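Take a moment with the picture before reading on.

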Amino acid sequence: MANAIQEFNDYRAKMNDVILGKQNKVINRLFNLDTNTYAAGALDVKTKEMLGLVASMVLRCDDCIKYHLGKAFEQGVTTEEVYEIFAVANIVGGTIVIPHTRRAAEFWEELQAQ
């Protein structure tokens, strides 16, 4: 299962290199803004990753969900916290978020098993 995590991370890194390598000023600035948004500030990094996870689930972006789950895992988010995040996302986003919650739960299990 950890293979799915490695495949996701490898593909993301590879394609980010391709995209950023084209030196498009707007795209590069957007990526930089995204990176800086999740840096510690008035809110700590863990909180920002939890917020990013909720937003990603509501927006139904599976790649974003995996990314923020990985970052949340690195920040020490607990399983209990993850499931509260899932609950908030499902209340805000509605039942259409349930399939994404299933995939998120599966990815979280994989992160914990590595």
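How much of the chain is helix and how much is strand over residues 29-106? That stretch is 78% helix and 0% strand, and its end C-alpha atoms sit 33 Å apart. Helices here are DSSP runs of H or I with at least four residues, strands are runs of E with at least two, and both are numbered from the N terminus. In UniProt, an unreviewed entry gives residues 29-106 the annotation "domain: Carboxymuconolactone decarboxylase-like"; such annotations may be inferred rather than shown by experiment.

A quick word on the source: this is a predicted model, where local features need pLDDT of at least 70 and side-chain atom pairs count only at pLDDT 80 or more, while totals for chains, interfaces and linings use all residues. Residues are numbered from 1 along each chain as its sequence is written, and side-chain values use heavy atoms, leaving out hydrogens and water.

Now the rings. Searching the whole structure turns up three aromatic pairs. Rings of Phe, Tyr and Trp (its six-membered ring) pair if their centres lie within 6.5 Å; planes under 30 degrees apart are stacked, over 60 edge-to-face, and the rest tilted. Two of the pairs are these:

| Pair | Centre to centre | Angle between planes | Type |
|---|---|---|---|
| Phe 8 and Phe 107 | 6.1 Å | 75° | edge-to-face |
| Phe 73 and Trp 108 | 5.7 Å | 80° | edge-to-face |

Phe 8 belongs to helix α1 (residues 2-21) and Phe 107 to helix α6 (residues 98-113), so their pair links parts of the chain 99 residues apart. Both Phe 8 and Phe 107 are buried, meaning under 20% relative accessible area; exposed is over 50%, and partly exposed is in between (1.4 Å probe, protein chains only).

Phe 73 lies in helix α4 (residues 62-74) and Trp 108 in helix α6, so that pair ties together parts 35 residues apart in sequence. Phe 73 is partly exposed at 32% relative accessible area, whereas Trp 108 is buried at 0%.
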